[in-house]
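User: I have a model open and want to learn how to read its features. Can you take me through a few of them?

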Amino acid sequence: MKTIVLKWLFLTISPCDAAEPWQLGSQDAATPIMQGIIDLHHDIFFFLILILVFVLWILVRALWHFHYKENAIPQRIVHGTTIEILRTIFPSLISMFIAIPSFALLYSMDEVVVDPAITIKAIGHQWYRTYEYSDYNSSDEQSLTFDSYMIPEEDLELGQSRLLEVDNRVVVPAKTHLRIIVTSADVPHSWAVPSSGVKCDAVPGRLNQISILVQREGVYYGQCSEICGTNHAFTPIVVEAVPRKDYGSRVSNQLIPQTGEA
Amino acid sequence: MAEAVSAKTPSLSEQYHLENEVKQVKEDPSDENTSEETPDDITLKTAPADFRFPTTNQTRHCFTRYIEYHRCVAAKGDDAPECDKFAKFYRSLCPSEWVDRWNEQRENGTFPGPL
C-alpha cells in the first residue's frame, strides 16, 4: 500500500520522457533543441488558432447571412482594392512571423559551437542496437561495446514499459556535449529519442552525426523510426543521463561485466 | 564479444528508491560509487569538430582520420607519439567493423584509399 502511494506521489510528478497512452502533446524537453522545437510549436500554434478562428468566423457568417431566405438578392462585388491589399499583406506578415523563429531554430540546430566531450556510436542491427564508446582505447580493440535488446514482455517487472525497456541502456553524462554517430550494419534504421529532439537515420555505409546536450538527468525512451524488418516495432532505445561525476564509474564498472574488457 | 543480456538492470524499486522515505529520493544516487576510485580521473575528450566536415555526414571525416593516421605512421614510424592523436580520432569516430575491414584490406593490399 505504501509503495503504491509513493509510486503515485512520485511518478505522477515525474517528467514525461516516454510515450504515454493517449498523449496529445510532445514529451518534456531534455535538450535545448527539443525545447526550441516545443517553443516554435507554441509560436506557430498561436497563429494557427488566429487563422482558424478567423476563417471559421467568415465561413459561418457567410453561410448564415447568405441563406436564400434571409437574403434573396445577393450582392455582386467584383473587387475592392483595400481589402485585397490587406489580405495580401496580413498573410505575408504572418508567414514572416512564423518563418523567422523557424529558420532561427533550423540553423541553430545544425551549429556545433562547442567541441563534444564524448563520442558514442549507435549502430543499428536487425533487430537490436550496438553502442560503442571508443574514446578511451589505446588499440584497435574497442574499449566498450555492448548490445541493447528489448526486454520481452514476459520478462518485464512491475512498472516497466512494454516495448520500451532494454537490457543495456546508453549511459551518458548529463550537461555534457555529446556527439552521437548513427549508422547501421545491415538495413536502414533510425535512432529516435523524442524527449531529446533526436531522430537520425541510420544508413549503412554512412555516419550521421548528431550533437546533443542532455540538460537533466533521467531515462529517455525512443523507438526505431525506419522500417527495418519484422521486429522493427521491437527495437527501442533507452538513454540514461547520469550526473557527470558518476559517469566514469558507471561506464567502467557497471558495463564491464558485459564486455569483459577494460 | 559483448553479451546480449545483462543481469545489471536495476529493478524498479531500486531505481526509484521506493523502499526508502520519499525525502531520500532527492539524494544524489551515487552511494554505490563511493568506494570506487575517483570517477573524475576519466577526462572526457574526443575527436573535435572538424571544420572540413561541417555537415551531418561524417563518413568522410572518419575515413580521412584513418588515412591521416596511416600516412603519419608511414612517414614517422610505428610508435611516433604524434600519430597517437590521429589514432584516437579515428577510433572515436569509426565503427569498429569498418576499422577491422579496412585493416584487412590494407593487409591484402586492396585498401581503396590514398595511404
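User: Where does Trp127(A) lie in chain A?

Analyst: This is a predicted model, so keep that in mind throughout. Trp127(A) sits in the loop between strand E1 (118-125) and strand E2 (128-133) of chain A.

User: What is the peptide bond from Gln126(A) to Trp127(A), cis or trans?

Analyst: Read omega. The bond from Gln126(A) to Trp127(A) is cis, with omega near 5°.

User: What is phi of Lys175(A)?

Analyst: About 55°, a positive value, although Lys175(A) is not a glycine. Lys175(A) lies in the loop between E4 and strand E5 (177-184) of chain A.

User: Why does Lys175(A) count as exposed?

Analyst: Check the relative accessible area against the cut-off. Exposed means over 50%. Lys175(A) has 54%, so it is exposed.

User: Now the surface. Which residues make the nonpolar patch of about 820 Å²?

Analyst: Look along chain A. The patch is made by Phe45(A), Leu48(A), Ile49(A), Leu52(A), Val53(A), Leu56(A), Leu59(A), Val60(A) and Leu63(A).

User: Take Leu63(A). Which helix is it found in?

Analyst: Helix H2 (residues 32-65) of chain A holds Leu63(A). Leu63(A) counts as exposed because its relative accessibility is 62%.

User: On to chain B. How many helices and strands are there?

Analyst: Chain B has four helices and zero strands. From the N terminus on, its elements run α-α-α-α. Chain B has 115 residues, and 37% of them count as buried.

User: How are two packed helices described?

Analyst: By the angle between their axes and the distance between the axes. Take helix H2 (residues 59-76) of chain B and helix H4 (residues 96-108) of chain B. Their axes come within 12 Å and cross at roughly 45°.

User: Why are H2(B) and H4(B) called oblique to each other?

Analyst: Compare the angle with the cut-offs. Angles under 35 degrees count as roughly parallel, and 65 to 115 as roughly perpendicular. The axes of H2(B) and H4(B) cross at roughly 45°, so the two helices are oblique to each other.

User: Is the crossing of H2(B) and H4(B) left-handed or right-handed?

Analyst: Right-handed, for the crossing of H2(B) and H4(B).

Notes:
Residues are numbered from 1 along each chain as its sequence is written. Chains are lettered from A and ligands numbered from 1 in the order in which they are written. This is a predicted model: local features need pLDDT of at least 70, side-chain atom pairs count only at pLDDT 80 or more; totals for chains, interfaces and linings use all residues. Side-chain values use heavy atoms; hydrogens and water are left out. Patches are made of residues with over 30% relative accessible area and no salt bridge: like charges are joined within 9 Å, nonpolar side chains (Val, Leu, Ile, Met, Phe, Trp, Tyr) within 5 Å. Accessible areas come from the Shrake-Rupley method with a 1.4 Å probe; for residues, only the protein chains shown count as cover. A salt bridge is a side-chain nitrogen of Lys or Arg within 4 Å of a carboxyl oxygen of Asp or Glu. Buried means under 20% relative accessible area, exposed over 50%, partly exposed in between (1.4 Å probe, protein chains only). Axes are lines fitted to C-alpha atoms, for helices over the stretch in contact, and angles run from 0 to 180 degrees between N-to-C directions. Angles under 35 degrees count as roughly parallel, over 145 as roughly antiparallel, 65 to 115 as roughly perpendicular and the rest as oblique. A crossing is left-handed if the near helix is turned anticlockwise from the far one by less than a right angle, and right-handed if clockwise.
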